[in-house]
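Please look over the fold shown here.

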Amino acid sequence: MNKIVLVDMDGVIAEFDQAWIKAYYSYYPEKTLPINKSKCGCYFEHPVWSDPTTNLEMYKVLYNYLNLFYILDPIPNALRSIKEMEKCGYTIFFCSHPTVENSTCASDKYEWLKKHFGLEYAKKLILTQDKTVIYGDYLIDDKVIIDGVNKNPSWKHLLFKTPYNSCICGYLHDKNLFTWENWKDFF
Ligand SMILES: [Mg+2]
């Protein structure tokens with residue numbers, strides 16, 4: 001059997017931050033988000049977030065902005081690299097954790113894949129609230145810690161490089177972080 005590569009969506013193949021920031025300002029045009037987005041990126045994964053008022057506003061937008069997960073831009077080189085990986089014999093599935101509170105999130109993810117990657121790739125989407133129970137050889141994900149009920153998942157986590165995890169993972173040298181440009185270094 002080919003090696004199975006599970007690929008996260010938000011922050012890995014779909015650019016979440018920019019769409020979310022636009023959505024936030026459509027709700028709160030008078031506000032200024034306190035984190036420098038160019039430096040730290042993804043607000044929802046940032047562990048130093050501490051302002052409770054803004055935190056509530058963030059989740060209000062995340063839960064209520066319909067089709068937020070459909071309007072994301074594709075991350076450059078993701079599709080091309082995935083096709084190259086398939087040519088090298090890897091089997092790709094997308095593995096994503098939908099925000100259940102947002103009523104269009106799950107369907108947005110299918111529609112997004114159909115629009116940007118095509119129908120056949122949309123059929124490769126696995127939606128789960130716990131990635132540790134999904135079988136694969138590798139999981140490409142920008143989230144730093146992926147935990148769940150299975151303490152020994154089958155996959156090896158390849159941390160996808162984003163502005164926020166490069167910022168918070170100071171102990172990791174950039175060369176250890178996965179990108180769509182350097183994927184061949186990891187297999
Ligand atoms: Mg992600």
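The buried residues in H4 are Ala-78, Ser-81, Ile-82 and Met-85. They sit on the same side of H4, because they cover an arc of only 100° around the axis. That arc is taken from the directions from the helix axis to the C-beta atoms. The cover over the buried residues of H4 includes S1, strand S3 (73-74) and S4. After H4 comes Gly-89, with a positive phi near 100°.

This is a predicted model: local features need pLDDT of at least 70, side-chain atom pairs count only at pLDDT 80 or more, and totals for chains, interfaces and linings use all residues. Residues are numbered from 1 along each chain as its sequence is written.

## Overall layout

The protein has seven helices and seven strands. Helices (H or I, at least four residues) and strands (E, at least two) are DSSP runs, numbered from the N terminus. From the N terminus on, the order is β-β-α-α-α-β-α-β-α-α-β-β-β-α. Of the 187 residues, 31% count as buried. Among contacts with a separation of 6 or more, 62% join residues 24 or more positions apart. A contact means that two C-beta atoms, placed from the backbone, lie within 7 Å.

## The sheet

Five strands form an open sheet in the order S5-S4-S1-S6-S7, with parallel pairing. Strand S5 (125-127) and S7 are the edge strands, and each pairs on one side only. The twist averages 25° from one strand to the next. Two strands pair if DSSP finds at least two bridges between them.

| Strand pair | Bridges | A bridge partner pair |
|---|---|---|
| S1 (residues 4-7) and S4 (residues 91-96) | four, parallel | Ile-4 and Thr-91 |
| S1 and S6 (residues 138-141) | three, parallel | Val-7 and Ile-140 |
| S6 and S7 | four, parallel | Leu-139 and His-157 |

Helix H5 lies across S4 and S5 and runs at about 170° to S5. Axes are lines fitted to C-alpha atoms, for helices over the stretch in contact, and angles run from 0 to 180 degrees between N-to-C directions. Lys-114 lies in H5. Is this lysine, Lys-114, buried or partly exposed? Lys-114 is partly exposed, because 15 other C-beta atoms lie within 10 Å. Beyond its neighbours within four places in sequence, Lys-114 is in contact with Leu-119 and Ala-122.

## The core

Which residues touch the most other members of the largest nonpolar core? They are Val-7 and Ile-140, in a core of 35 residues. S1, helix H1 (16-27), helix H4 (78-87), S4, helix H5 (105-116), S6 and strand S7 (156-159) each give two or more residues to this core. The core lies between domain 1 (4-15 + 71-186) and domain 2 (16-63), because both give residues to it. Domain bounds come from an automatic or database domain assignment. A nonpolar core is a set of buried Ala, Val, Leu, Ile, Met, Phe, Trp, Tyr and Cys residues joined through C-beta atoms within 7 Å.

Leaving aside neighbours within four places, Ile-140 is in contact with Val-5, Val-7, Asp-8, Val-12, Leu-158, Phe-160 and Phe-178.

Conventions: Buried ≥ 20, exposed ≤ 12 C-beta atoms within 10 Å, placed from the backbone.
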